[in-house]
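Q: Can you walk me through this one? I would like to go from single residues up to the whole chain.

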Amino acid sequence: WFTLENAAGLIKNGSVHVAGIRVGVIEKIGLSQDGQARVDVIVQPGVRITKSAKIQVRANGILGDKHIEIIPGNPNDPLLASGAQIQGVDESASLDKLISQVSKVTESLAVVADNLKDATEGDDSKPVGKILANMEKLTSDLSE
């Protein structure tokens with residue numbers, strides 16, 4: 001089992017993968033005592049999961065359904081006991097976080113584009129507008 005800040009998109013009997021191969025299912029999803037989502041999984045016998053294993057929540061597609069990907073960890077580390085907690089959780093792989101980051105970048109780019117537009121419209125009260133006005137005066141003076 002392991003805990004997550006957000007289990008949205010995970011469902012009971014959802015798939016658990018190792019190296020992209022289905023090796024188990026999500027047995028139960030509930031709240032832990034610290035208010036995080038606790039996810040219990042059942043993995044097929046013979047799947048080697050070590051104490052350095054990590055969990056990633058990955059999207060199955062764009063519809064919002066997700067699965068668990070277990071990164072087994074260092075093969076030289078001791079095996080994780082049945083019923084033990086997997087400590088390593090990589091929530092940065094979440095599609096939701098990626099979309100959130102892209103949204104923030106898009107907002108920043110919009111602000112930059114607006115500033116560039118304002119600066120290049122020739123408004124004499126802004127620095128670039130002053131430069132453009134001076135360039136026009138200079139070229140006019142040179143042509144005379």
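**Loops, strands and a core**

A: N13 sits in the loop between β1 and β2; strands (E, at least two residues) and helices (H or I, at least four residues) are DSSP runs, numbered from the N terminus. This is a predicted model, where local features need pLDDT of at least 70, side-chain atom pairs count only at pLDDT 80 or more, and totals for chains, interfaces and linings use all residues. Residues are numbered from 1 along each chain as its sequence is written, and side-chain values use heavy atoms, with hydrogens and water left out.

Q: What is the phi of N13?

A: Positive, about 70°, although N13 is not a glycine. A19 is another non-glycine residue with a positive phi, near 55°.

Q: Where is A19, then?

A: A19 is in the loop between β2 and β3.

Q: Is A19 buried or exposed?

A: Exposed, because its relative accessible area is 68%. The cut-offs are under 20% for buried, over 50% for exposed and partly exposed in between, with a 1.4 Å probe and protein chains only.

Q: Which side chain has a polar atom 2.9 Å from the backbone nitrogen of A19?

A: That of E69. The E69 side chain also reaches the backbone nitrogen of G20, at 3.1 Å. A polar contact is a pair of N or O atoms within 3.5 Å; within protein, one must be able to donate a hydrogen and the other to accept it, and residues adjacent in sequence count only if both atoms are side-chain atoms.

Q: Where is E69, and is it buried or exposed?

A: E69 is in strand β6, residues 66-71. It counts as buried because its relative accessible area is 5%.

Q: What does E69 touch?

A: Leaving out residues up to four places away in sequence, E69 touches H17, V18, A19, G20, K54, I55, Q56 and R58. Contact means heavy atoms within 4.5 Å.

Q: Switching to V23: where is that?

A: In strand β3, residues 21-31. V23 is buried, with a relative accessible area of 8%. With residues up to four places away not counted, the contacts of V23 include V16, I42, V43 and V47.

Q: Which residues touch the most other members of the largest nonpolar core?

A: F2, L10, I68 and I70, out of 18 residues in that core. A nonpolar core is a set of buried Ala, Val, Leu, Ile, Met, Phe, Trp, Tyr and Cys residues joined through side-chain atoms within 4.5 Å.

Q: Which element gives the most to this core?

A: β4, with three residues.

Q: And what is L10 in contact with?

A: Its contacts, apart from neighbours within four places in sequence, are L4, I26, I29, V39, V57, K66, H67 and I68.

Q: Last topic, the whole protein. How many helices and strands are there?

A: Two helices and seven strands. Along the sequence the pattern reads β-β-β-β-β-β-β-α-α.

Q: How much of it is buried?

A: Of the 144 residues in the protein, 24% are buried.

Q: What share of the contacts joins residues 24 or more positions apart?

A: 49%, taken over the contacts with a separation of 6 or more.
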